[in-house]
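Colleague: Please put the model up, and then we can go through a few local features.

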Amino acid sequence: DPTLIIHFSRMNRIIKIDTQNLCATLEPYGDYAQLQAEAMTRGLWNGGTPLATTVCKMASQFAFAGLWQTDLKYGLLNRNIISVKMVLPDGEILSTGSRCIPKAGDFWEYGPGPDLMGLQRSGLGTNGIVTEITVKLHAWVGDEALPEIPGGRPSLKHVHDAKYDNPPEPLKYHKLLWVECNDLDTQLIAMREIAHSGVGIGLNATGVYSAFYCSQTQEMTVQRCKEHFFPDWNCYVILANATSDQQIPYEEKVVRQIIDEVGGTFLSEDSKPEVLEALRPWNYDCIRHSNGYRMNRKFYANAWLPVGPLEEAKTTSREWKKALDTFGEIDITDRGGADDTPFVYALQRGHFCLFETDNYPDPVLPDEIKKAQGYGIYGSAVVTKYDLGPQLMAFVNVEPFTTMFPEAGPNAHL
């Protein structure tokens with residue numbers, strides 16, 4: 001059937017930043033970097049950054065849930081949306097939230113009648129085209145602008161040089177703690193205790209994703225996976241001086257006491273300093289990606305993202321191993337989530353979590369893509385059969401994305 005692709009690159013304005021009601025309204029091509037740069041000059045920020053480049057658009061992540069590294073405190077993007085304006089397939093314009101009430105203003109996600117926001121949220125762009133989105137803002141405790149990496153910003157020719165992906169230290173009012181655990185059970189106990197303690201603004205486990213995230217070439221990613229260079233069972237905690245200069249020291253004591261009690265090791269100058277050095281890309285990226293590139297991996301073909309309590313990480317790992325046994329390994333990175341932890345996002349003080357495992361086949365090898373399709377179909381089936389929990393998605397992608405990720409296009413590298 002004929003297909004129409006609409007590119008929104010000219011609709012990229014920040015329409016309004018409301019410092020009184022702590023919100024911002026953007027056109028669909030407005031991205032995280034734009035919003036954070038403008039909001040931070042006003043002592044505000046949106047509350048998080050995705051595990052993707054900052055050219056990601058909030059209007060597209062709205063269709064996709066919007067995972068942030070600081071979900072522990074702020075929740076997903078879709079918990080931080082006040083309203084959207086959408087053009088529906090029949091041409092009708094839909095506004096959600098309080099903005100649809102005459103003279104009420106754009107400050108609350110709920111309006112009269114059915115919850116139309118809930119119908120659109122995480123709809124993968126299937127229900128209409130977002131033309132405006134209003135998001136919540138929060139107090140920003142850092143400087144008016146993020147510091148630049150000393151190496152500057154690379155050209156496409158030089159992007160693989162490590163100096164462009166090597167922030168020298170964490171941000172001034174933030175601190176990262178990296179923890180290695182002995183096994184998945186210990187990791188989950190540690191994460192539960194940290195989440196429930198009330199400290200920190202972010203808490204996640206990375207596993208194989210550290211190799212994607214912190215390697216400058218795909219060859220380095222594969223080699224580090226073979227060597228298990230990064231800890232198999234781990235988590236990182238993001239601390240912030242939100243209320244006092246003494247907050248980080250206090251919260252660090254809490255985290256260190258928990259890790260001492262459950263059993264674990266902090267990466268430091270005395271414990272795997274070479275690993276801690278390799279993890280430096282996260283120093284700024286926990287707040288906002290700093291050079292425009294993200295993961296060294298191949299074709300993003302399939303993802304499992306079940307939702308549930310922390311224990312579901314074990315179920316996710318078990319079923320991913322079954323998929324490996326059934327369909328075979330596409331790439332060594334498929335072992336991520338089976339031989340080590342799935343990526344675990346602790347959300348809203350650990351009330352629930354998201355668990356991610358992915359396939360990255362070679363995009364020019366049809367047999368590898370077919371295997372990834374098998375993983376996607378199997379992932380959808382096990383949700384019901386094995387009670388894997390509510391599923392955000394198990395899908396097979398075709399890149400470049402269109403309605404789901406409208407930043408894909410000829411200028412996406414700029």
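Modeller: Start with the cavity: β14 supplies three residues, the largest share of the lining of the largest cavity. The model is predicted: local features need pLDDT of at least 70, side-chain atom pairs count only at pLDDT 80 or more, and totals for chains, interfaces and linings use all residues. Residues are numbered from 1 along each chain as its sequence is written, and side-chain values use heavy atoms, with hydrogens and water left out.

Colleague: Which elements each supply at least two residues of the lining of the largest cavity?

Modeller: Helices (H or I, at least four residues) and strands (E, at least two) are DSSP runs, numbered from the N terminus. A cavity is a set of points on a 1 Å grid over the protein atoms alone where a 1.4 Å probe fits but cannot get out, and lining residues have an atom within 4 Å of a point. The lining includes V208, Y209, F212, E356, T357 and D358. The elements that each supply at least two residues are α6 and β14 (352-359).

Colleague: How do the residues of that lining divide into nonpolar, polar and charged?

Modeller: Ala, Val, Leu, Ile, Met, Phe, Trp, Tyr, Cys and Pro count as nonpolar, Asp, Glu, Lys and Arg as charged, and the others, Gly among them, as polar. The lining of the largest cavity, which includes T333, G336 and Y360, divides into four nonpolar, three polar and two charged.

Colleague: Is Q69 buried or exposed?

Modeller: Q69 lies in the loop between α2 (58-61) and α3 (71-74). Buried means under 20% relative accessible area, exposed over 50%, and partly exposed in between (1.4 Å probe, protein chains only). Because its relative accessibility is 0%, Q69 counts as buried.

Colleague: Where is R42 found, and how far apart in space are R42 and T19, C-alpha to C-alpha?

Modeller: R42 is found in the loop between α1 (32-40) and β3 (44-45). R42 and T19 are 23 residues apart in sequence; C-alpha to C-alpha, their separation in space is 7.7 Å.

Note on methods:
On a 1 Å grid over the protein atoms alone, a cavity is a set of points where a 1.4 Å probe fits but cannot get out, and a pocket is an open set with protein on both sides within 12 Å along at least five of seven lines; lining residues have an atom within 4 Å of a point.
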